Amino acid sequence: MSADGADAVEMRAALVRLRRGTGLPVAFGGLMAGGIMTAGTGSVRIGELSGAVTGALRGLAIATGNGLGGKALALSRPCAVTDYPVSRHISHEYDAAVAAEGLLSVLAVPVVVRRRVRGVLYGALRTAQPLGDRTLGEAVAAARDVEQALVVRDEARALLAAVAGAGASGPVAGPVAGAGGTAAGSGAGVAVGSAAWEEVREAHGALRALAPRVMDPALREELLAVCGRLASATAPPPVRDVGLTPREVDVLACVATGATNAVTAERLGLRPETVKGYLRSAMRKLGAHTRLEAVVASRRAGLLP
């Protein structure tokens with residue numbers, strides 16, 4: 001799935017949440033196409049509509065400072081008006097499209113990631129009445145969902161780029177005949193030092209932790225495929241399928257980096273008790289009595305690098 005396609009998935013989910021949480025009949029929004037706004041300039045194109053009865057809003061390029069959404073983008077904070085057509089607090093470049101859809105009370109919430117504006121969400125009524133704090137809070141929460149999805153996607157792509165760069169220079173390219181050095185704990189003869197291989201293991205654990213949080217299915221599959229490459233780079237194919245679930249492997253990948261149960265739970269978005277349960281189950285399947293034994297057995301089975 002392309003970046004634009006992933007944007008659409010994330011935005012649609014946020015609009016559904018916004019309408020469900022607020023009861024607003026109309027929601028719409030868009031993200032920057034492949035980038036971010038800099039120095040308070042740029043535009044967001046409205047790409048997703050929910051509850052609209054016309055296509056008048058679709059494709060509008062919302063420039064920073066223009067209209068309600070442009071004001072929210074410029075200020076990096078939510079803005080709202082009770083009667084859009086006559087409001088004196090915004091400019092009116094988009095009045096025709098707003099009127100065609102019959103919107104009066106409108107709110108706009110910017111999508112901001114690491115202090116950089118990435119898009120905007122709108123919610124609207126076809127009647128002129130104040131939009132209360134609860135409605136604004138739900139709209140902000142929907143925007144935060146998009147922000148978190150973008151953070152996860154950015155981190156995933158950065159990790160994939162780092163792993164690709166490492167692979168290009170040799171460390172994770174796979175077994176090398178007569179290499180002379182071995183990766184820690186593998187015995188498979190790989191041209192990589194122990195320090196470099198620990199970085200690979202850290203990347204593997206981070207990718208495993210991120211994958212379940214990625215909404216874009218294509219990117220999630222890419223992450224898991226890279227995890228598989230890293231896990232098998234220095235280990236022979238497993239003699240038998242030990243039957244670990246994906247979540248059990250996620251937990252072991254975090255544990256292998258030295259993470260405590262509490263840290264593992266935070267990384268994976270789980271409760272510490274749930275992490276303990278997954279770890280106990282994995283140890284039983286692997287025939288391990290300690291966390292270290294479970295990690296070693298997982299590496300021998302080709303489940304971890």
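1. Quick convention first: helices (H or I, at least four residues) and strands (E, at least two) are DSSP runs, numbered from the N terminus. By that count, H7 is followed by Gly-258, whose phi is positive, near 95°.

2. Bear in mind that this is a predicted model, where local features need pLDDT of at least 70, side-chain atom pairs count only at pLDDT 80 or more, and totals for chains, interfaces and linings use all residues. Residues are numbered from 1 along each chain as its sequence is written, and side-chain values use heavy atoms, with hydrogens and water left out.

3. On confidence: pLDDT (the predictor's confidence in each residue, from 0 to 100) averages 81 over the protein chain, with 80% of residues at 70 or more. Across residues 171-192 pLDDT stays under 50, and there the model has 44 contacts (heavy atoms within 4.5 Å) beyond four places in sequence.

4. Now the helix pair. H7 (residues 246-256) and H8 (residues 261-268) have axes (lines fitted to C-alpha atoms over the stretch in contact, with angles from 0 to 180 degrees between N-to-C directions) that come within 9 Å and cross at roughly 125°.

5. Who touches whom? H7 brings Arg-247, Asp-250, Val-251, Cys-254 and Val-255, while H8 brings Thr-264, Arg-267 and Leu-268.

6. As for burial (under 20% relative accessible area is buried, over 50% exposed, in between partly exposed; 1.4 Å probe, protein chains only), H7 is mostly covered, with nine of its 11 residues buried. Among them are Glu-248, Val-249, Leu-252 and Ala-253.
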